[in-house]
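This report goes through one structure part by part. Please look at the sequence and the model before reading on.

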Amino acid sequence: MKLLRRLSITLLCLMFAIALAADLAPGASYSRQFREFANAPPSARFPLGTDDLGRDRLMRLLHATGISLLLAPSAALASTLFAALAGGLAGYFGGWCDRLLVRIVDLMLSLPWLFLLLAVRALLPLNASPLTSLVVTYGLLAALGWASPARVVRAGARQLRESEFIFQARACGSGGIRLLWRQIVPNLRPVLLAQFLTSIPIFILAEANLGMLGLSAGEPYPTWGNLLQELQNPSSLRLEVFATLTAVALSVCCFKLIFPMEVSRI
Amino acid sequence: MTRRYAFRLWFALALITPAFSQVADELRFCLRSDPKTFDPLAVEDDSSEAVRYLTAGVLLRVNRVTQQLSPELALSWKVDRQGRQITFQLRRNVAFSDGTPFTADDVAFTMNRLMDPKLHSVTADAFRSSDLPPRVSVESPDKVSILFAAPVSSLERLFDQVPVLSGQSRQKTAVLGPFYVADYKPGVEVLLQRNPNYWKTDARGIRLPYLKSVHLIIQQSREIELVRFRRGEVDLVNSLDPDAFEQLTLQAPTSVYDAGPSLESEMMWFNQVASAPLPSYKKAWFISREFRRAISESVNRADLCRVIYKGHARPAEGPVSPANRFWFNSALKPHPHDTASAIHRLDRDGFRLWDGTLYDRGGHPVEFSVVTNAGNRPRERMAAMIQQDLATVGIKLNVVTLDFPSLIERITRSFNYEACLLGLTNLDLDPSAQMNVWLSSAGNHQWNPNQKEPATAWEAEIDRLMRAQAAEPRDAARKRLFDRVQQIVSEEAPFIYLVNKNSLMAFSRQIRNTAPAAVQPQAYWNIEVLQKTTQLAGSK
């Protein structure tokens, strides 16, 4: 299991490093259209062939991989921090604070997130750059994705509140925010780590779904979701087209496998 | 032993049944959605239109290949009084599907019902040249004349869309067309059965239609439709996209047809609404003819046709596709792809290209967005190609894909957009059907709709020409007027026409007498003579 974890972490780091290196390579372009070579098969010049507009599929995949591996964990981190704050406060203080936050969490969980994303996207300024729209998309995913982890954190915080060492800390004069920050939060770390690692593949797949619907970053910016659109066209279903799918599946698997054992048990 | 043998035989037959599931003389094809109505006079959507076409008997029919008018239930017709009156001599000994005889009274009943304002019929709108209803006079059982208060342009051609209803039949489904609606399972299919009283016969005297029934399968997904076609469960696909066409060409080249340019065109326009929430310097770009022409000349239409439509499209000349044989202005040519000329035009208009970026007089870098509907792959790809083309003249184009309701909201209500890329289909060949687009006061005058007064001299000229052609009874004179409209549109480029898509379709090899047309319904316009051979579907 340890070996698999290490392998997963190595693989993810490797993917990210290659993606960054490819982006920095001179002359590399994910957007240039070689129209004479549209839908070209793999060759020395285009190792994964070209898409239907003649763009280098490998360059697009590498760029999309880099951006997804950067933005999905960032969004997951933001969502986990927010979940820690909301869930920690609700679980620790209880009472009206708990009831209010639980209601907000219920409301968030009942929102049809896809329609909300569509509505917010429609409100974006039209001249927002593709990267901005992608960051906003991930930001929205983070803003919508904290509710479920907050519930778990709240349950953990409630459990800790009743534990003996917290009673002891209280007896020693500790309380309020200090107790929350010094005693509760460090003990919630495994829960938060689990939520963080669970959120990353969820956000990756959510962006992929939006991209499949044509609602991710605008042209010519490549994202995994945009690239997966190629799979909708049965005439272009060649082996190299599945490279994006492989990259998505591989990274999602890796994120699942890097759970430490104790986190998996939680 | 006999019982066991019988069971085995039954079992074997049950196994092979799927292979024989398609019966000869039974045609199957897909509709995109359920028909919204079976009232042939209240049709608005494509599926209802398909049912109407297959079931309705009309007085005159536009031949979809020759685009000429041919007599159907009317033996002859005569247009008088400067296009205000039409008189029909009707065919005798014709009966509705329920046996009720067809007379001039039925034509009168149909026209009166059609023109009833309570019906809100879209078909009737084309006849409404004035507020007064037409006067229908039954002169004899086989002669009827209809007098309109004001001239109606291309009056006789409008009757292609008017199904004659029975004024006497008790059955609401009684029709004069080749088929009648026998069954409807919402979300599943519409079953049409052969009209036993259909009046037409072939050259050998055999009563038409040849097919016994038509199954219209409700299937929203084009991919599933294609799969079903490949499996032999569907006999024809009325409209194919270029990717599917290429795919089928590789698998079964004899089953696909490219009928040439269709009436569909893809185009782009700039928002010229004065009250639009856009910066004034951008509004100044969009109302500049030179700017629009420069954009048009920057676009490589040949590449769009080759890369996106795999050669199954052609660069568009103007508002009318060459598929519309009579009204197409053959003197027009597509705007050439000429970057040097585009830069020259921009230069004349005060723009400056510096370090790969185009700046306007005020020093603003030229950057704008184009909205299109999400999920339409050809359109998204087309926008990406235009993006690269415009980059060569220093313009930054942002492509924004929106869900359809948001897009419509922006282009029709809030006007919060800069440019839009969409398609247009002219279902009617006659230019009068496009009055709601070309008149400056019209709601579909997309670049600047609902104007109280024409904003520009050329729009005022288009208004004048369109009104003049609508009031002109002679087709040749109308053609001259509408040619001028097309020329103005080409010169001023309020719509930047990009490509005319070809009409692509596929037929099962069991179907005979096919005659693909560019005009809707492309594949089954001659439904009454389509035949299906007895070759089994399982043998494909």
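## A residue and its contacts

Leaving aside neighbours within four places in sequence, B:His215 is in contact with B:Glu26, B:Arg28, B:Glu189 and B:Leu191 (two residues are in contact if their C-beta atoms, placed from the backbone, lie within 7 Å). B:His215 sits in strand E10 of chain B, residues 213–218. Helices (H or I, at least four residues) and strands (E, at least two) are DSSP runs, numbered from the N terminus.

B:His215 counts as partly exposed because it has 19 C-beta neighbours inside 10 Å. A residue is buried with 20 or more other C-beta atoms within 10 Å of its own, exposed with 12 or fewer, and partly exposed in between, the C-beta atoms being placed from the backbone.

## About the model

This is a predicted model, in which local features need pLDDT of at least 70 and side-chain atom pairs count only at pLDDT 80 or more, while totals for chains, interfaces and linings use all residues. Residues are numbered from 1 along each chain as its sequence is written, and chains are lettered from A and ligands numbered from 1 in the order in which they are written.

## Helix H2 of chain B

Helix H2 of chain B (residues 46–55) is largely enclosed by the rest of the structure, because seven of its 10 residues are buried. Among them are B:Val51, B:Tyr53 and B:Leu54. The buried residues of H2(B) pack against strands E1 (26–31), E8 (179–185), E9 (189–194) and E10 of chain B.

## Helix H14 of chain B

In H14(B), the buried residues include B:Ile462, B:Leu465 and B:Met466. Helices H13 (435–438) and H15 (475–492) of chain B are among what covers the buried residues of H14(B).

## Two helices of chain A

Helix H2 (residues 57–93) and helix H3 (residues 95–110) of chain A pack at an angle of about 140°, with their axes 7 Å apart. Axes are lines fitted to C-alpha atoms, for helices over the stretch in contact, and angles run from 0 to 180 degrees between N-to-C directions. Where they meet, H2(A) has A:Ala86, A:Leu89, A:Ala90 and A:Phe93, and H3(A) has A:Gly95, A:Cys97, A:Asp98, A:Leu101 and A:Val102.

## Where the chains touch

Chain B brings 26 residues to the contact and chain A brings 18 residues. On the side of chain B that touches chain A, H11(B) gives the most, with seven residues.
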